[in-house]
Amino acid sequence: MIKFQNVQKKYDNGYVALKDINLTIDQGEYVAVIGLSGAGKSTLLRCVNRMHDISTGSLLVNDVEVSKLKGSEIRNLRRGIGMIFQSFNLVNRISSLKNVLVSFVPDMPMWRKVLGLYTKQQKIEALEALDRMNILDKAFIRVDQLSGGQQQRVALARTLAQKPSIILADEPVASLDPITAKQVMTDFQRINKEMNMTVIINIHHVDLALEYATRIVGIRSGEIVYDGPASEVTDEILDHIYNGKLEEELTGN
Amino acid sequence: MNMLKAKSITLPNGKIVPFKRSKAPWIILALLICFYYSVQITGFDLQILTKRIGQFWVIIGDMIPPNWNYLNKLWQPLFDTIKMSLLGSLLGSVFALPLAYFASSNIGKNQFVVTATKFILSLLRTLPTLVAALIATFIFGIGTMAGTVAIFLFTIAYVGKLLYEQIENADLKAFEAMQSMGHSTFSAFRYAIMPQIMPNYLSNSIFCFEGNVRYAAILGYVGAGGIGLLLNESLGWRNYANVGMILLLLAVAVFIIENASEYLRKKLL
Amino acid sequence: MNTVEKQLLNEPKRIVQNVITAVIVIVFLMWSLTAVDLSNFTSNGVDIAKNILHGIVTPNTDLLFTFNTNGVPYLLLETMAIAFLGTIVGAILAIPLAFLSASNIVPKPIAFIIRLLLIFVRTIPAIVYGLMFIRVTGPGPFAGVLTMALTSIGMLSKLFVDIIEDLEVNILESLESIGCTTFEKIRYGIIPQLSAMFLSVAIYRFDMNLRDAAILGLVGAGGIGAPLIFAMNGYKWSEVGSILIGLMVLILLIEFFSNKIRNKIVRG
Ligand SMILES: Nc1ncnc2c1ncn2[C@@H]1O[C@H](COP(=O)(O)OP(=O)(O)OP(=O)(O)O)[C@@H](O)[C@H]1O
Ligand SMILES: [Mg+2]
């Protein structure tokens with residue numbers, strides 16, 4: 001369970017990117033976060049695994065107060081949370097399999113870490129993760145020779161191998177074509193259902209968000225302006241999330 | 001509008017296009033002044049050069065034909081030269097890696113460590129290798145050990161600088177992803193940055209080794225071992241046929257090493 | 001056996017390759033380790049090291065701030081002049097040699113012969129050139145300039161060739177299509193492409209020449225090298241200190257500015 005309570009995030013330059021966020025997400029939910037560019041979606045996501053620190057308020061992940069963690073505790077938290085990026089963030093020069101294997105590294109003894117020696121068991125697990133994403137046949141191909149969609153699946157396989165309970169995905173389909181984007185969204189759906197993982201996705205394609213996610217969180221200039229089931233999102237609500245500023249200005253004048 | 005800063009042209013349709021004034025004439029003027037004073041200071045004189053250039057060939061003439069009998073005395077010193085370059089380059093490259101890690105501003109979190117390491121690398125780089133070698137002969141005695149130390153220091157500085165520049169220009173996306181899954185900075189570096197920099201790192205090290213072989217010949221001159229010692233000796237006795245033999249052997253060795261290294265580096269990249 | 005295990009068997013095995021590489025590296029390492037000879041190392045060495053360090057951190061300030069021809073400032077100026085002229089002469093000579101050894105400009109055999117010649121030019125150590133030029137000019141900075149020029153040619157022409165072989169030739173075609181003569185093609189099609197890069201490489205070499213200037217001192221070809229080596233051979237470590245400090249500060253300054261200028265030149 002993830003629980004934001006009165007969370008505020010102020011960047012070092014004084015910009016307040018999140019204002020008084022209250023949000024509870026239960027284990028196994030599939031949540032899409034939508035909103036304009038600069039609304040604070042990435043910031044929200046990155047607070048969950050402490051890639052960013054929150055300024056005030058409290059943020060509980062599985063009953064642990066995230067802002068109080070230090071050093072190796074942060075790394076332990078992150079072990080349990082998978083993160084997916086728009087640009088995949090794979091190591092380009094090495095094979096898909098090796099990219100997936102990297103997710104075992106933090107738990108390996110030092111000498112294995114330095115030499116990069118993996119056990120057979122780890123290799124099998126990594127291959128299984130690739131198999132689950134249907135790209136087992138690309139296991140020994142360098143990732144820079146894969147298409148964008150295939151690369152995103154390797155990234156997903158890497159995250160799966162990490163066996164997280166939560167997956168944070170920051171615009172995972174933004175650089176994919178519509179068909180591949182749907183496939184990747186289906187992948188998320190499958191992982192979410194089969195493995196009961198919490199999935200939180202930042203996404204700009206409203207149609208995809210409504211089609212695949214079960215819950216929608218709308219953010220506007222650092223505030224949550226909608227939070228409810230995907231099935232109840234109407235055009236007025238979308239207008240409110242995306243054009244709220246315009247609306248406010250019009251009514252204000 | 002400030003007329004001093006820029007010229008501008010008004011187009012027929014009334015738009016004004018500003019032009020940057022070219023700095024080229026000033027640069028050329030500065031270069032000419034430098035040139036003039038350099039000629040004055042160094043006593044450069046084309047007339048002397050054209051008149052007496054014949055003397056240049058005298059020594060070369062004496063070198064040909066080289067003294068082939070001298071060859072069998074040269075193998076051991078030649079191998080010494082190669083050995084000290086190899087060892088110095090190998091160890092230097094290995095030690096450059098941790099230094100570059102600490103000197104990279106995008107990896108290191110401690111600004112003080114980053115600046116201090118960079119400063120040490122700069123100092124090492126400005127220390128003339130010849131001076132390092134000479135000092136090393138005072139400490140380690142005449143011989144290849146002194147040359148190895150000098151080459152070691154130079155290699156750290158050279159490879160280390162190229163390496164940290166590369167790390168600073170590396171793609172940090174995968175690094176970030178690894179941090180997000182709980183890697184420590186070191187392990188994220190090992191798995192995300194190392195694969196990116198490895199081919200270039202090896203290539204630079206090999207290139208440095210190649211240059212070091214050539215330089216090692218000079219190091220011998222100050223007593224730092226290898227074939228340079230014999231070169232110094234032969235030059236001292238004005239035995240130019242021997243010098244010719246040494247140079248020929250050195251050229252062949254460098255040619256072979258250069259080609260082998262080029263082959264290796266092409267394979268790496 | 002399921003598909004995953006089958007795929008695992010397909011893993012490209014690099015073991016043989018890795019073992020061979022490791023063995024080669026270890027053999028070379030052992031071989032080169034035979035060069036390590038600490039028998040000449042005496043306890044004296046530590047004392048000497050201490051003396052050297054002490055001298056270098058307590059430099060002879062008189063020498064550092066004397067403005068006659070024996071003082072560090074003048075010697076540095078002379079060194080810069082040698083490096084500057086040496087670079088210019090070397091660069092001018094390197095240009096035709098580079099064109100003659102570029103395989104996209106001249107026939108392959110000619111390019112090969114010139115390249116071979118350049119390897120010889122590069123292999124001959126600076127000391128030997130120094131001695132040869134001293135016969136021509138007598139000892140002094142003039143010989144230093146010529147030596148620097150010759151040692152610069154090797155690297156400059158090699159880098160120039162790389163630039164020439166990267167030349168964008170489509171431009172020449174389009175120039176030809178507007179009716180340009182060969183001279184005009186070179187003037188407007190080639191020179192603009194080359195000049196910035198050549199200049200950048202030459203500045204880089206100037207930087208290197210300054211570092212190598214100490215070598216010239218070995219044969220009496222001017223610059224700061226000779227006093228430096230005299231001081232070292234005479235164990236006058238505080239003089240060594242002042243000369244080294246002057247040289248290092250100069251090199252750092254020049255490096256700083258040359259990086260700036262090169263960035264400006266290349267990025268426009
Ligand atoms: N490191 C930072 N320092 C200061 N301000 C930042 C920083 N990162 C983001 N911001 C600001 O915080 C606000 C929210 O940024 P965020 O990246 O969360 O937006 P987003 O909703 O993810 O936008 P997009 O859809 O374009 O990715 C923006 O106004 C941005 O300028
Ligand atoms: Mg974002």
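Q: What makes strand S7 (residues 166–170) of chain A mostly covered?
A: Five of its five residues are buried, and buried means under 20% relative accessible area with a 1.4 Å probe, protein chains only. Strands here are DSSP runs (E, at least two residues), numbered from the N terminus. A:Ile166, A:Leu168 and A:Asp170 point one way, A:Ile167 and A:Ala169 the other way, and all are buried. By the way, this is a predicted model, where local features need pLDDT of at least 70 and side-chain atom pairs count only at pLDDT 80 or more, while totals for chains, interfaces and linings use all residues. Residues are numbered from 1 along each chain as its sequence is written, and side-chain values use heavy atoms, leaving out hydrogens and water.

Q: How do you know that S7(A) pairs with strand S8 (residues 198–202) of chain A?
A: Pairing takes at least two DSSP bridges between two strands. S7(A) and S8(A) have five and run parallel, so they pair. One spot to look at is A:Ala169, which stands opposite A:Ile201 in S8(A).

Q: Why is the contact of B:Glu258 with C:Arg122 called a salt bridge?
A: The rule wants a side-chain nitrogen of Lys or Arg within 4 Å of a carboxyl oxygen of Asp or Glu. Here the closest N and O atoms are 3.7 Å apart, so the pair qualifies. Across the interface of chain B and chain C, the rule finds two salt bridges.

Notes:
Chains are lettered from A and ligands numbered from 1 in the order in which they are written. Buried means under 20% relative accessible area, exposed over 50%, partly exposed in between (1.4 Å probe, protein chains only). Helices (H or I, at least four residues) and strands (E, at least two) are DSSP runs, numbered from the N terminus.
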